[in-house]
Amino acid sequence: MFKLIYLIDSIVLFLLIVMWAVVANRLSRLSYRSTKKELQRSIARFMIPFFIAQGLVIAEVVILFLLGTYGWEFIKEKVLLTMPLFIPSAISTIVPLSMLRKITSRISENLQSTVDETDRKVLASPGLMLPVQAALISSIAGCYFSYVVYPFELNVLHAIILWLSFAAVIVVLWFRQQRLSRKRVKANYAMTVSTRLQHAVISSACLAILIGGWYALSMKASMLPDRMNMGSMDDEMDMQAMNHSMNHTMNHTMSNTIRNTMNVKEISVTALTGPQTEKADRHFELVAQKKQVKLSSGKTMEAWTFNGIGPGPELRVKQGQIVEVVLKNKDIEEGVTIHWHGYNVPNAEDGVAGVTQDSVPPGGTHVYRFEAKQAGTYWYHSHQQSAKQVIKGLFGSLIVEPNDFPQHNTKDITVLSHAWQLSDGSALTPTYGLKDTLDRQTIPAGTHVKLRLINAQNYPQTFQLSGVPFEVTAIDGNEIHSPTDIKDQKLMIAGGGRYDILFTMPKTPVRLSSRSEAGVTPGIVFSEAVTHSTPAINEKNAVFDPGTYGEKQPTPFGIHSKFDRTFNIVLDSRFGFYNGKIYALYTINGRVFPDTPMLTVKEGDLVKTTFINRGWDHHPMHLHGHTMLVLSRNGKPTTGSPWWTDSLDVAPGEVYEVAFQADNPGIWMDHCHNLWHAEKGMTMHLSYEGITTPFEVGKKTSNQPE
């Protein structure tokens, strides 16, 4: 529903600009009509777009009301910036309508006679023209502030400045219209072709200069710096812990002053390592290299692989083991890293280029060491140019088995879902691993089957298991308390997210399939014996709700806890400039990286974050180094088993409250895991007070984490 309202709003705002421009144009021509008959016809033609525009005004007010049902953040710009301009301007257009009706009533007779001088003065007067011009300008402002990135922070002061600026423009237009009306009287209302052409050229030139200047300044301002250090970027800190009143943005100097006042000891991310002296229980070597790989359909492509296979090898370890992974880069010119997606490793092991390490160049090596404390289903991927490198194949699964993992009569299957791009610019091909055709596997009836579903796509995916009831046993590696059987439900898994499901193999075939914006994955058919039977897929099945599934269980904090830090994160879709080019951008609090907020906490803080998606796309928000507890969705508290996650899909129109304990010091990325969105700036960072980094990102460095 929200996406439909959003679409209608964009159409209405565009049509308002068009219709008010048509109305203003037709109104400006009335004073040049020679006879009353011509004037009468022109007024009649004027009324059609005028009433259409008024209908669109009513539609926009209705849209404002509907958006308001989702919450204040969905209408903030409209209420503070555009509606105080838009609604009075629209109402004021009743004045010219009344004036035209009076003129029309006086020209019903002698239609061939010339227009009276008194009527001409009225038709050229500011009182007639200004309301329509104000409505046009306010419609342009409404469209701009709704769908274009604007260069200031929204608050009441800036709103007042905008209103005053609008009033100043109207005053200027008033005097301009007065001057034009006097000229028309002196010129006896004759307007030659050359005069019209001159006016058109001047108006076009002024408009071109205005738009060109805005374009040039915006393009220059959007250029990314050559170098920047995440440890010295501006902090957007939630000051509730200090004054319980407001959020405030501080520059680095002020932040350092606070740190010194609070006696915060500075620590480099390089000191926040995993175990360095203990002998590794499991040792792996991953070599990043280019290699031709073949899909099950026979299609081939040049992939970027770990150890020459795509996806990379599965790393399967036991909980409590010390894991050592040696990354070697054979021939990836851009450099590579390894990020352990969803796994709360020490900060130095997080694998984010320019934040926790430098990217590994061709011929280079980097060693990751961490203790496998968390059991569950995870995955790994490069976090250097990740939007490009993940889709080309630099990823794999990480499975951490609990010590009491049941092996008897259990089939454990990892399903790593991806969407490959066979060549630059080609359509995506959804697969399970390298299977882009229907896969068939035989499993004896009565076998317990554990499917570890990993969504390595950028898009959210709906997975369906047809032909058997099943349990959802874990979400993002976190066990569900008291899961129950479900059937005929879709599992919506966020980009980067994971679900573990468990079923008992029946004597009849079972089918796993999935669908995303990349397309439909043919999936897997499980059967007791070789068969050509394929269970049907019902796309009308309801979507599984993790917020109500399972039984409640005590948690270390909850929706009524006292939080040390609170942050509101507004996700949006707007047009704007990024690194010198104009894009459809995905913004955080109206900004793109590096101007997005730096969320600053101190170790031990209890932090609540509210995600508000008022844009047109899904955003799987992924916080590194921490696990978030979902407190509520759209104002309704979760009621089932505690829903812990690291990759939360926030759909258009949705509002989520989540919380986490700040118990893993470092500088951590917090970004949309649709990596194309992150690549265009939908990235922010969580920084602990006192933590610094020696690494840099930027065009003149080897580090481009997104």
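Helix H3 (residues 76-92) packs against helix H4 (residues 94-106) at an angle of about 10°, and their axes lie 4 Å apart. Here an axis is a line fitted to C-alpha atoms, for helices over the stretch in contact, and angles run from 0 to 180 degrees between N-to-C directions. H3 and H4 are therefore roughly parallel to each other, a label for angles under 35 degrees, with over 145 counting as roughly antiparallel, 65 to 115 as roughly perpendicular and the rest as oblique. Please keep in mind that this is a predicted model, in which local features need pLDDT of at least 70, side-chain atom pairs count only at pLDDT 80 or more, and totals for chains, interfaces and linings use all residues. Residues are numbered from 1 along each chain as its sequence is written, and side-chain values use heavy atoms, with hydrogens and water left out.

**The H3–H4 contact**

- H3 and H4 pack at an angle of about 10°, and the contact is made by Ala90, Ile91 and Ser92 of H3 together with Ile94, Val95 and Pro96 of H4; contact means heavy atoms within 4.5 Å.
- Sorted by class, the contact of H3 with H4 has five nonpolar residues, one polar residue and no charged ones. The nonpolar class holds Ala, Val, Leu, Ile, Met, Phe, Trp, Tyr, Cys and Pro, the charged class Asp, Glu, Lys and Arg, and the polar class the others, Gly among them.

**The chain as a whole**

- The protein chain has twelve helices and 36 strands. These are DSSP runs numbered from the N terminus, helices being H or I with at least four residues and strands being E with at least two.
- Along the principal axes, the C-alpha atoms of the protein chain fill a box of roughly 100 × 65 × 50 Å.
- Of the 706 residues in the protein chain, 54% count as buried. Buried means under 20% relative accessible area, exposed means over 50%, and partly exposed lies in between (1.4 Å probe, protein chains only).
- Among contacts in the protein chain with a separation of 6 or more, 78% come from residues 24 or more positions apart.
- The accessible surface of the protein chain comes to about 30,300 Å², and carbon and sulfur atoms account for 58% of that surface. Accessible areas come from the Shrake-Rupley method with a 1.4 Å probe, and for residues only the protein chains shown count as cover.

**Two serines in helices**

- Ser138 belongs to helix H6 (residues 126-147) and counts as buried at 1% relative accessibility.
- A polar atom of the Ser138 side chain lies 2.9 Å from the backbone oxygen of Ala135.
- Beyond its neighbours within four places in sequence, Ser138 is in contact with Leu85, Phe86, Ser89 and Phe166.
- Ser42 sits in helix H2 (residues 36-68) and, at 6% relative accessibility, also counts as buried.
- Not counting residues up to four places away in sequence, Ser42 touches Leu30 and Arg33.

**A strand residue and a loop residue**

- Leu571 is placed in strand E24 (residues 565-578), where 0% relative accessibility makes Leu571 count as buried.
- Setting aside neighbours within four places in sequence, the contacts of Leu571 include Thr587, Ile588, Ile612, His619, Met621, Val650 and Met682.
- Leu571 and Thr377 are 194 residues apart in sequence, and their C-alpha atoms are 28 Å apart in space.
- Ile537 lies in the loop between strand E22 (519-527) and strand E23 (542-543), and counts as partly exposed at 28% relative accessibility.
- Ile537 touches Gln464, Ser466, Arg511 and Ser513, leaving out residues up to four places away in sequence.

**Backbone features in loops**

- The peptide bond from Gly310 to Pro311 is cis, with omega near -15°; Pro311 is in the loop between strand E5 (300-306) and strand E6 (315-318).
- Phe593 and Pro594 are joined by a cis peptide bond with omega about 10°, and Pro594 is in the loop between strand E25 (581-588) and strand E26 (598-601).
- Gln385, a residue other than glycine, has a positive phi near 45°; the place of Gln385 is the loop between strand E10 (376-381) and helix H11 (386-389).
- Asp476 has a positive phi near 50° and lies in the loop between strand E17 (471-475) and strand E18 (478-479). With a relative accessible area of 2%, Asp476 is buried.

Terms used: Polar contact = N/O pair within 3.5 Å; in protein donor to acceptor, adjacent residues only side chain to side chain.
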